[in-house]
Structure formats: structure tokens, C-alpha cells
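User: I've got a model open and want a quick walk through its side chains. Can you take me through it?
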Amino acid sequence: MLKRIALLLPLLSGPVWAQMPEEEVLAAQMAYQQASRSADAAQARLEEVRQAKSLAEARLADAQTELRRQEKELGEAAASAERATRQLQAVEQRLREAWRRKEGVAR
């Protein structure tokens, strides 16, 4: 009985071994498809991040341009305010002098 099983075993193992390469190919194909999906997803994410970075760089450049414009405008406004303050002080001084002269004449 053991002899028969021992003789049948090589015959049965033939179809089993014949399926092994097919299963191996199927497993390899499935692994390839999974790896391909992962690579595609990684590439898509990479492109998404590159685009986001480009947009951020463009926004930064715009913000820097706006900052320079605002700094220039601030400088101009500060200079204008300084001129107006000096002019006000000069006019205020003339007004005080005019009042002193008037009060001196009125007495």
C-alpha cells in the first residue's frame, strides 16, 4: 500500500508543480499591478505637491511685491505726514506770534 502511494505521489505532484508557475505568474502580476498603482499614486501626489509649491511660490512673489509697494507707500505717507507736521508747527508759531503782537498792541 505504501508502495502504491509512493508511486502515485510523483504523478500527482506533476499537476501541482505545473500550477505553481501559473500561480507564481499570477502573484507576480498582482504584485506588479499593486506596485504600479502605488507608483501612479506617488507620481500623482508628487505632481500635486509640485503644483502646490509653484502656487505658493507665486503667492510669495506676489506678496513680496505687495510688501515692497506697501513699504514704499508707507515711506511716502510718513514723509508726507512729517511735512504736514512741520508745516502745522510753522503755522502754529506764526499764529502765536500774531496773537502776541495783537495782544501787545491792544494793551
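User: Is Gln34 buried, exposed or partly exposed?
Analyst: Gln34 counts as partly exposed, at 42% relative accessibility. Buried means under 20% relative accessible area, exposed means over 50%, and partly exposed lies in between, with a 1.4 Å probe and protein chains only. Keep in mind that this is a predicted model: local features need pLDDT of at least 70, side-chain atom pairs count only at pLDDT 80 or more, and totals for chains, interfaces and linings use all residues. Residues are numbered from 1 along each chain as its sequence is written, and side-chain values use heavy atoms, with hydrogens and water left out.

User: Where does Gln34 lie?
Analyst: In helix α1. That helix covers residues 2–106. Helices (H or I, at least four residues) and strands (E, at least two) are DSSP runs, numbered from the N terminus.

User: What does the side chain of Gln34 make a polar contact with?
Analyst: The side chain of Arg37, at 3.0 Å. A polar contact is a pair of N or O atoms within 3.5 Å; within protein, one must be able to donate a hydrogen and the other to accept it, and residues adjacent in sequence count only if both atoms are side-chain atoms.

User: Switching to charges. How many salt bridges are there in the whole structure?
Analyst: Six. A salt bridge here is a side-chain nitrogen of Lys or Arg within 4 Å of a carboxyl oxygen of Asp or Glu.

User: Which residue pairs with Lys53 in a salt bridge?
Analyst: Glu57, with the closest N and O atoms 2.6 Å apart. Glu57 is partly exposed, at 41% relative accessible area.

User: And what meets Arg69 in a salt bridge?
Analyst: Glu66, at 2.8 Å from N to O. These residues sit three apart in helix α1, again about one helical turn. Arg69 is partly exposed at 42%, and Glu66 is partly exposed at 33%.

User: What about Arg86?
Analyst: Arg86 forms a salt bridge with Glu82, the closest N and O atoms being 3.4 Å apart. Both are in helix α1, four residues apart, about one turn. Salt bridges with shared partners also join Glu66, Arg69 and Glu73 into one network.

User: Why can such pairs form at all?
Analyst: Side chains of opposite charge can pair when their charged atoms come close.

User: Zooming out, how many helices and strands does the protein have?
Analyst: One helix and zero strands.

User: What share of the residues counts as buried?
Analyst: 0% of the 107 residues. The protein exposes about 10,000 Å², and carbon and sulfur atoms supply 62% of that. Accessible areas come from the Shrake-Rupley method with a 1.4 Å probe; for residues, only the protein chains shown count as cover.
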